[in-house]
Amino acid sequence: MDLDELDIERDREGFIILKRTYSDLYKKTNYLSPVPMVINRIYEYDIHAANLSMLKQSGKIDPKALSILTKMDKKPREVAVGKMIRENKQFGVIIKRGILRAREQLFRENQLQDYEVLSIKNDAVFVIGRKLKRTTFGDVEFRLKNQYSLFQNIDKIEFYYDRRHKRIDIKGVKDEVVHHPDHQNGMLQFFLTVFNYAAMDQRDDLRDYLLDFVHRYKAKELPYQYYRELNAANIYRTEIELSGYGYNLEEIGQGDLGMINPIYNYTRFILPVIRYYL
């Protein structure tokens, strides 16, 4: 077939314009798809020892220093590299540019399209629907870190649900808050139940659960842990005011629920979930 018979775009001089065949979202350091929910396999890839890998690949770091850093555990290595960046800003530039190039390689070699990219968080890429075949490029390796069954965005808080291991990762709330025992035994149990029903497409069971849950939450009939606020404050809000200021508690027991104000978790999380599924 003659080239002139093909649908080819040319510039003013007649040269063929080569079009990119993969998403240009790789250019974004931080990105989140506008879709509010995904029920599909989601794969999180991130670069193994990202900063060190970029420095190694650049050839701009002293071999002796590189050898020492390579032998370090993760935390001390991150501290050491952070110190190097503060002392030499050029290292920061090298790392930033290297991660950008690595993301482009990942997108190009796997022909990633916009609709397949759920999220980008610097050196981490969340891919919808398929495992990637090419993930190693010289000294740079994108490792499969997590696999999820469902994603939901609730008021700019990102929830990633792993049905196989019955766990949730949350972006937008500090890990130390999410891992607090009260949340693990409280609101996280709510999300686990909701997302499991949603992932399994058990809509009638989900509806029944939500209606019962809301009634019991408002009546303060649930275990007290459900009423700890899932936010940076991480407190129990009370109905009590002292000299015009709200009175909050770090710890309570089941017998204290009468004075608890449950509004935060209800308006921030429970009500949006109800509106979405019901």
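**View A. Where helix α3 meets helix α4.** In this predicted model, Val81, Met84, Ile85, Arg86 and Glu87 of α3 touch Lys89, Phe91, Gly92 and Ile95 of α4 (contact means heavy atoms within 4.5 Å). Sorted by class, that contact holds five nonpolar, one polar and three charged residues; here Ala, Val, Leu, Ile, Met, Phe, Trp, Tyr, Cys and Pro count as nonpolar, Asp, Glu, Lys and Arg as charged, and the others, Gly among them, as polar. The axes of α3 (residues 74-87) and α4 (residues 89-110) sit 4 Å apart at an angle of about 115°. Axes are lines fitted to C-alpha atoms over the stretch in contact, with angles from 0 to 180 degrees between N-to-C directions. Helices (H or I, at least four residues) and strands (E, at least two) are DSSP runs, numbered from the N terminus.

**View B. Strand β6 and its partners.** β6 (residues 140-154) runs antiparallel to β2 (residues 37-47), joined by nine bridges; strands pair if DSSP finds at least two bridges between them. Ile42 has Tyr148 as its bridge partner in β6. β6 also pairs with β7 (residues 157-162), antiparallel again, over five bridges. In that hairpin, with two residues between the strands, Asp155 has a positive phi near 55°.

**View C. Around Tyr247.** Tyr247 lies in strand β10 (residues 245-249). Tyr247 is partly exposed at 34% relative accessible area (buried is under 20%, exposed over 50%, partly exposed in between; 1.4 Å probe, protein chains only). Leaving out residues up to four places away in sequence, Tyr247 touches Arg237, Thr238, Ile240 and Leu242.

Numbering starts from 1 along each chain as its sequence is written, and side-chain values use heavy atoms, without hydrogens or water. Local features need pLDDT of at least 70 and side-chain atom pairs 80 or more, while totals for chains, interfaces and linings use all residues.
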